[in-house]
Amino acid sequence: MDRDQIRSAIASDLRGKAYMDRYDQKRALAEKLGISEDDILNQVHQMMDLGHVISLNDYEIRLSIDGERFYFSGKTEKTSEFFKKNWPHITSNVIAILALLISILLKG
């Protein structure tokens, strides 16, 4: 089972719940998916690093708003969110490409 399938299962398990004990979830999902508990825990930690899962304390976790959006939204919503977060970088790169093209055309 690859990491995306494991992360989707974790997100589905956390969806709609205020919080969940990460160790209870680890055991239940490991039995359900037929993989080791360490794989579940590793993916939960990586999801925390990405900001998709929030740790409330040492034991309880919940799905963040970004995690909810990442795992359960459609392509158009994901695309609009990408442009909303990255518009300054996209704009500056477009301006740089236009400046490069203009300088090439004026030199030739």
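This is a predicted model: local features need pLDDT of at least 70, side-chain atom pairs count only at pLDDT 80 or more; totals for chains, interfaces and linings use all residues.

Me: What end-to-end distance do the C-alpha atoms of helix α1 show, and what should the helix span?
Reply: Helix α1 covers residues 3-14, which makes 12 residues. At 1.5 Å a residue it should span 16 Å. The distance between its end C-alpha atoms agrees with this, at 16 Å.

Me: Which elements do the buried residues of α1 pack against?
Reply: The buried positions in α1 are Ile 6, Arg 7, Ala 9, Ile 10, Ala 11, Asp 13 and Leu 14. These residues pack against both helices and strands: β1 (20-21), α2 (22-33), α3 (37-50), β2 (53-55), β3 (60-63) and α4 (65-72).

Me: Which residue just after α1 takes a positive phi?
Reply: The phi angle in question is about 80 degrees. The residue that takes it, just after α1, is Gly 16.

Me: Which strands stand at the edges of the sheet?
Reply: The sheet is open and has 3 strands in the order β1-β3-β2, paired antiparallel. Each edge strand has a single partner, so one side of it is left without a neighbour in the sheet. The edge strands are β1 and β2.

Me: What is the bridge partner of Asp 21 in β3?
Reply: Strands β1 and β3 run antiparallel and are joined by 2 bridges. In β3, the partner of Asp 21 is Glu 60.

Me: Is Ser 64 buried or exposed?
Reply: Ser 64 sits in the loop between β3 and α4. Beyond its neighbours within four places in sequence, Ser 64 is in contact with Gly 51, His 52, Val 53 and Ile 54. Its relative accessibility is 6%, and buried means under 20%. Ser 64 therefore counts as buried.

Me: Which helix supplies the largest share of the lining of the largest pocket?
Reply: The largest pocket has a volume of about 220 Å³. Both α4 and α5 (75-107) supply at least two residues of its lining. The largest share is 5 residues, and it comes from α5.

Me: How many residues of the lining of the largest pocket are charged?
Reply: The lining includes Asp 66, Arg 69, Lys 78, Glu 81 and Lys 85. Among the other lining residues are Leu 50, Phe 70 and Phe 82, along with Gly 51, His 52, Ser 73 and Asn 86. By class, the lining divides into 3 nonpolar, 4 polar and, for the charged residues, 5.

Conventions:
Residues are numbered from 1 along each chain as its sequence is written. Side-chain values use heavy atoms; hydrogens and water are left out. Helices (H or I, at least four residues) and strands (E, at least two) are DSSP runs, numbered from the N terminus. The expected span of a helix is 1.5 Å times one less than its number of residues. Buried means under 20% relative accessible area, exposed over 50%, partly exposed in between (1.4 Å probe, protein chains only). Contact means heavy atoms within 4.5 Å. On a 1 Å grid over the protein atoms alone, a cavity is a set of points where a 1.4 Å probe fits but cannot get out, and a pocket is an open set with protein on both sides within 12 Å along at least five of seven lines; lining residues have an atom within 4 Å of a point. Grid points are joined across faces, edges and corners, and a volume is the space filled by probe spheres set on the points. Ala, Val, Leu, Ile, Met, Phe, Trp, Tyr, Cys and Pro count as nonpolar, Asp, Glu, Lys and Arg as charged, and the others, Gly among them, as polar. Two strands pair if DSSP finds at least two bridges between them.
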